[in-house]
Amino acid sequence: MNLVSQITKTMLHGAAEMVVAGHRCVCDPSGAMYLEDDRILVVSDLHFEKGSSFARRGMLLPPYDTANTLAALGRVIARYNPASVISLGDSFHDGQAAARLPEQYASALGQLMAGREWIWITGNHDPEHPADLPGETFTELAFGNLVFRHEPSKKPCSGEIAGHLHPAAKVVRRGQAVQRRCFVSDQTRMIMPAFGAYTGGMNILSRPFHGLFDAQAIMAYMLGSKRVYPMTAKTLYI
Amino acid sequence: MSVGIKENLARLQWIITLTVVSISNAPIADSGATLLPPLFLNWFQAKGWSPRAHQLQLLEQAQAGNSALLIAPTGAGKTLAGFLPTLVDLAQRGKSNAPSRGIHTLYISPLKALAVDIQRNLAKPIEEMGLNVTLETRTGDTPAYKRQRQKLAPPDILLTTPEQLALLIASKDAGRFFEDLRFVIFDELHSLVTSKRGYLLSLGLARLRRLQPGVQTIGLSATVAEPDELRGWLVPQTGGSALASLVKVEGGAKPHITILETEDRVPWAGHSAVYALPGIYEAIKRHATTLIFVNTRSQAERLFHDLWMANDDNLAIALHHGSLDVSKRRKVEQAMAANALRAVVATSTLDLGIDWGDVDLVIHVGAPKGASRLAQRIGRSNHRMDEPSRAILVPANRFEVMECQAALDANYIGAQDTPPLGEGSLDVLAQHVLGMACAEPFQADDLYAEVRTALPYAALPRDTFDRIIEFVATGGYALKSYERFAKIRQTADGSWRVTHPRIAQQYRLNVGTIIEAPSLNVRLTRQRGKGANARGGPVLGKVEEHFLEALTPGDTFFFSGRVLRFEGIRENECIVSNAEGFDAKIPSYAGGKFPLTTYLADQVRSMLADPARWGALPDQVSDWLRIQKEKSVLPQPGSLLVETFPRGERSYMVIYPFEGRLAHQTLGMLLTRRLERAKARPLGFIATDYALSIWGLRDMGRMFKKGELPLSELFDEDMLGDDLEAWLSESFMLKRTFRNCALISGLVEKRHPGQEKTGRQVTVSTDLIYDVLREHEPDHILIQATRADAATGLLDIRRLSDMLSRIKGHIVHKDLDQISPLAVPVMMEIGKERVPGEAHETLLEEIADELTREMSDHS
């Protein structure tokens, strides 16, 4: 049985491995995904400067979200040392966020980018290339059997790796509900969890996810603090 | 309104009975002659009444320029007494014909409905005396055009709520609006002051005093244990400990309270009064109108359902609680006022002094935990002071039998104990500071001095105040990156002012301290089994999101007096259909809301230890205690009994601190950590109001006896140090508290201009904000506020700490072969209640591993 081989393979660092359109994908508990064979690290929905974006509108959220997101990104890059990084859209919370990036964060980001290929996929929050930052910008990008874009297509789409929806899954036991961000996949496509510190999650059983996946094969890979927990559809709640 | 006339008659009757009946302090006609203008004396005379002593005393205090607290039992004519100074003053003003521009008297009550009620009651004497006095209400329901008109042409008397006061003082024309203010009347003061609402109100009062230094306050309160706290609250605190004058009405007729006598077996545990159903039904039949109070919404649902199942005579029995749709509640209230109902099952929504027609019996299901609440409730059954109120207590389990008996023995009911006022919370202060900036620019020194005149903030340190200003301005973060986004900014003259009109607009939409738990509409569909896609029908009410979290489609539960089947969630609605059958699968009991008070705990402990007092208890309960005495020992007041025994594969420890569920839960969390460290391999715990049970894999009794884990060490007070810290840092309770603080302080918004956000759509989860903030600034002012809140509210740390120091050196260990009689109730709760704080990570692991095994078996 295919699912079994997927479920049982828990790797180093608590990551889980799965296959999407023939590519081996390592799902890291941080919410990043690593294509080991090609040394490509993918992160989605970083939402840098979300805090200051809210502050502009009068909600003075703690201004440490970018620092947290960068630190998490730094840890996962150090872990896998990827040759390429793909940021799958909504990397910045608004059009001016990149320009607003405080100097120390801009330089920290620069250090992470140094020595590797860096690809910005545009998202609805950041339709342009981020101001003054290196890297290349695409609206979508094909690689092997895979295609990387921010918003998932409405129809079944083999090999698509997308973000945008901030997937999360909920399980219930002994009257307690636990909701966590998750990867969601049916082996033909995948939607990645949001990586940013201030990004929450939307239940994958809710309407925006309807029709995107093969209901028989859908799996949620819930992010725990130290490992990824693969869950089948029947364990999930809304 | 169809019930108008009847209602007015009933109310008139109420005023008459209030005023006529003589009480322990008899009417003093003579002094009345000197205090009351002829118009009033004539009015009293025409009615054949005399003013009551306390009414005149209060008037005398007011006319002498004093603020005063009136303490009187329900039905003593408090309201008329409270307004007499106002009416007399206004009547005299009428003669002088001086133009008046502002509010003369502000009346503030905790409930909208109470303000509306008072308006109807007060209109009568005003009309009959022909006073030229205008009287209006202003609540959240008042339409915008009317509020606008009130600003332009203020009434003499404005009846309103704490939230409306906050809005009024935050407006630019507050100074003009209140320039003629003479009196502020606080109704039900005892119930207002102990909450965050009360803190905000105390700050509002401080502002009113600044706007109009001569303003006098009148507090109306039910009997309280510590009247001085309320007296202090009413007057400015400037260094010393100023107190308002006190006018006290003693007694009234003692309520006639009994414990329901029943042949049926009183259950060991649980909170439903199913066993007492026949008795309750009989009592309803014997009385004209009965109010039945229960502690939680789900208990109300349950009892209502069960009563209808037993309702062979088709008595008109209704249900009333805060989650029901407003129109449904109004219908019940109207039927009630028209005396068309035989019984109403209700929760706290029916609390406080609203007039409810001719209720002749109050039944209270569950233990009299919040005795102040109970006194309110019993007071409800009769507004006439000379006739005793009738009430029946229905204990739901054996411990509650003792609790009820102890309460009766100690003559407790009526002598209320409200919790101590406590220090004003900082999130409330932050909200107020922004509100004051919206009204007009302020100097920090001035506002600091003003705030400290409010009793809850009298001891506020200056640097805390300054940090709150920083928080309001830029978030108060060590990383000062929000200077350009500041909400308030200091200008050249040193005053703080709002940076943009939008800020004031946002403030107005977010004012208040009442945070509703995220809730969803419950919509009934006929299309069973269609899940969330079923077509909609009527909305039955609202249910909290956390309750739905653990439901799976097909589960059944009680709501709105029916058994419903959960179909699914669609956007902000919970879709349900009518379920077949009479039983709901999900009991949805969230535990008694009000923990056992310290006073009652002492009473129960001493009753338990004294067999001579058991005679008053039903045989089944006293027998139970006798067997406990034989098999184990009885818990003694000065010590802590620890029982250990094996059961199944596990070892159990049951202790009896009688400190209330919250303190026990905290203790349970902390002890489990310690047992974990001592390698006792604890698995879980359950806390009730009376006892705490912890179970684990290793024989704890043996560990205690062998000295491997001395009990004195396990229960050492130092658990409130590092262990508490460590637990709190990962506790979900703290996140919940943080959410409230974040909303009240204005860090995140309750609503945006033009759009109402629901709990489900909070743009940035406060949990994430909390995580980020705690990591980078664990000493941030909002984290401090959160911890302070949690320590008093959710964790009951003070009580736990008192208990630990009291039992030091007085721990009695009893290692038993089997469960003791006293342990049965708490053991029966196991599995029924959630174990709070259980590690989420463990749950995930468990499910994932189970899945893995299952899959491997199949392959």
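Here is a short chat about aromatic rings, chain A and the A–B interface in this predicted model.

Colleague: How many aromatic pairs does a search of the whole structure find over all chains?
Modeller: A pair of aromatic rings is described by the distance of the centres and the angle of the planes. Going through the whole structure, over all chains, the number of aromatic pairs comes out at 22.

Colleague: Is the pair of B:Phe177 and B:Phe178 stacked or edge-to-face?
Modeller: The two ring centres, B:Phe177 and B:Phe178, are 5.1 Å apart, and their planes meet at 85°. Edge-to-face needs planes over 60 degrees apart. So B:Phe177 and B:Phe178 make a pair that is edge-to-face.

Colleague: And are B:Phe177 and B:Phe178 buried or exposed?
Modeller: The cut-off for that is relative accessible area, with under 20% being the buried class. Both B:Phe177 and B:Phe178 come out as buried.

Colleague: What are the planes of B:Tyr477 and B:Tyr482 doing, and at what angle?
Modeller: B:Tyr477 and B:Tyr482 are each buried. Their ring centres lie 6.1 Å apart, and the pair is edge-to-face because the planes are at 85°.

Colleague: Which residue has its charged end over the ring of A:Phe54?
Modeller: The rule wants the charge within 6 Å of the ring centre. Here the charged end sits 4.7 Å from the centre of the A:Phe54 ring, and it belongs to A:Arg57.

Colleague: Over in chain B, at what distance from the ring centre of B:Trp624 does B:Arg398 lie?
Modeller: B:Arg398 is placed over the face of B:Trp624. The limit is 6 Å, and the value for B:Arg398 is 5.9 Å.

Colleague: What share of the 238 residues in chain A is buried?
Modeller: For context, chain A has five helices and 16 strands. Its accessible surface is about 8,700 Å², with 52% belonging to carbon and sulfur atoms. Among the 238 residues, the buried share is 63%.

Colleague: How much area do chain A and chain B bury between them?
Modeller: Chain A puts 53 residues into the contact and chain B puts in 55 residues. Carbon and sulfur atoms carry 62% of the buried area, and the total is about 4,800 Å².

Colleague: Which residue of chain B forms a salt bridge with A:Arg227?
Modeller: Across the interface of chain A and chain B, the rule finds one salt bridge. The closest N and O atoms are 3.6 Å apart, where the cut-off is 4 Å. The partner of A:Arg227 is B:Asp849.

Conventions: Residues numbered from 1 in each chain as written. Chains lettered and ligands numbered in written order. Predicted model: local features only at pLDDT ≥ 70, side-chain atom pairs only at ≥ 80, totals over all residues. Heavy atoms only, no water. Phe/Tyr/Trp six-rings, centres within 6.5 Å; stacked < 30°, edge-to-face > 60°. Buried < 20%, exposed > 50% of the residue type's maximum accessible area, 1.4 Å probe, protein only. Lys NZ or Arg CZ within 6 Å of the ring centre and 35° of its normal. Helix = DSSP H or I, 4+ residues; strand = E, 2+ residues; numbered from the N terminus. Areas by Shrake-Rupley, 256 points an atom, 1.4 Å probe, with all protein chains shown as cover. Contact = heavy atoms within 4.5 Å. Buried area = accessible area lost by both parts, 1.4 Å probe. Salt bridge = Lys/Arg side-chain N within 4 Å of Asp/Glu carboxyl O.
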